[in-house]
Amino acid sequence: MPAADRNAKIADVASAAEGAQAEGGILAFTREQELSAYRAMLLIRRFEEKAGQMYGMGLIGGFCHLYIGQEAVVVGARMSAKSTDQFITGYRDHGHMLACGMEPKRVMAELTGRRGGYSKGKGGSMHMFSREKNFYGGHGIVGAPAPLGVGLAFADLYRGDGSVSLTFFGDGAANQGQVYESFNMAELWKLPIVFIVENNRYAMGTSVERSSAQSNFSMRGTAFNIPGRQIDGMDVRAVAAAAREALDWCRAGKGPFLIEAQTYRYRGHSMSDPAKYRSKEEVQRVREEHDPIEQVRARLLAGGASEDELKQIDAAVRRIVSEAADFATNDPEPDPSELWTDVVV
């Protein structure tokens with residue numbers, strides 16, 4: 001496929017999913033739900049922007065994968081889930097933590113390697129967990145959330161408490177063999193698990209058209225009799241609708257469900273990726289036409305919200321992020337003795 005044609009196809013994220021989305025529909029939000037989605041996505045956006053700044057200042061080491069542009073996926077799923085449902089994902093994970101209610105200051109402190117972080121400053125960006133918030137980690141191994149998510153779902157089935165495992169991974173991870181082993185076990189045992197492919201179209205830097213023989217990821221479960229939905233992952237209402245359908249399916253004892261959320265990341269794969277495999281014009285087009293936060297903002301304004309009201313929300317979010325950054329900068333580093341704790345030999 002010529003580069004120009006590929007870029008046009010990739011950039012039109014929302015319209016690419018319109019036909020597939022029609023079956024699942026869009027969940028009609030109340031004003032309060034729109035405001036809740038707006039706050040949640042804005043918190044993720046501002047947090048990730050600050051994390052990018054701090055990485056550039058040398059305050060965050062190692063890898064750092066930002067979620068900017070993909071916020072609607074986890075927020076929409078979280079809005080349809082119960083507090084007892086578990087979330088697990090790959091290494092682009094800060095947004096999932098915040099959507100699950102984890103404290104921004106402790107997430108940021110883990111990024112900077114401080115003792116107040118969720119893993120006591122020893123895990124960094126890709127190794128944070130919160131049993132209290134039912135978040136079972138971002139994982140650095142590509143495709144790892146799938147088998148781990150199946151394990152969570154098996155525990156849910158065993159306990160019979162109606163909980164569901166929401167298991168996120170990217171388009172690149174969808175080509176891993178362990179994902180299909182997980183699909184097989186999940187359907188064989190009718191496990192309560194929702195597999196969510198966050199298709200941001202480039203994996204680590206290669207477009208899906210060049211890397212995937214079947215680029216409709218919602219069909220990847222067909223061989224295992226797993227139903228799938230392809231949706232506009234830039235519209236939080238579409239994600240919430242698909243997540244509700246999938247969760248109801250799982251709670252009814254029908255087994256796993258697969259969602260492909262067509263989304264788009266604005267930054268590179270990680271902070272070290274200049275993203276030269278796509279044009280600046282492509283990214284700008286998505287930002288201007290399909291940004292998930294701006295869509296909600298436009299609906300709020302059309303529904304009677306004032307510019308001042310939305311500015312106040314943004315100001316409150318910025319204060320939270322600023323406080324998190326201050327904490328993560330000034331909190332002490334772990335004591336050297338911590339090197340020997342929580343280690344299984």
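What follows is a set of questions and answers on helices, strands and their packing.

Analyst: This is a predicted model, where local features need pLDDT of at least 70, side-chain atom pairs count only at pLDDT 80 or more, and totals for chains, interfaces and linings use all residues. Residues are numbered from 1 along each chain as its sequence is written, and side-chain values use heavy atoms, with hydrogens and water left out.

User: How far apart are the end C-alpha atoms of helix α10?

Analyst: Helices (H or I, at least four residues) and strands (E, at least two) are DSSP runs, numbered from the N terminus. The expected span of a helix is 1.5 Å times one less than its number of residues. Helix α10 covers residues 236–251, 16 residues, so it should span 22 Å. The distance between its end C-alpha atoms agrees: 22 Å.

User: How many residues of strand β6 are buried?

Analyst: Strand β6 spans residues 257–262 and is mostly covered. F257, I259 and A261 point one way, L258, E260 and Q262 the other, and all are buried. In a regular strand the side chains alternate between the two faces of the sheet. The count for β6 is six of six.

User: Which residue of β6 is the bridge partner of G228?

Analyst: Strands pair if DSSP finds at least two bridges between them. Six bridges join β4 (residues 193–199) to β6, in parallel. Five join β5 (residues 228–232) to β6, also parallel. For G228, the partner in β6 is L258.

User: What is the handedness of the β-α-β crossover from β5 through α10 to β6?

Analyst: View the strands pointing away: if the path from the first strand over the helix to the second runs clockwise, the crossover is right-handed. The chain crosses from β5 through α10 to β6, and this crossover is right-handed.

User: Are α7 and α8 roughly parallel or roughly antiparallel?

Analyst: Axes are lines fitted to C-alpha atoms, for helices over the stretch in contact, with angles from 0 to 180 degrees between N-to-C directions. The axes of α7 (residues 145–159) and α8 (residues 177–188) come within 8 Å and cross at roughly 20 degrees. Angles under 35 degrees count as roughly parallel, over 145 as roughly antiparallel, 65 to 115 as roughly perpendicular and the rest as oblique. The two helices are therefore roughly parallel.

Note on methods:
Buried < 20%, exposed > 50% of the residue type's maximum accessible area, 1.4 Å probe, protein only.
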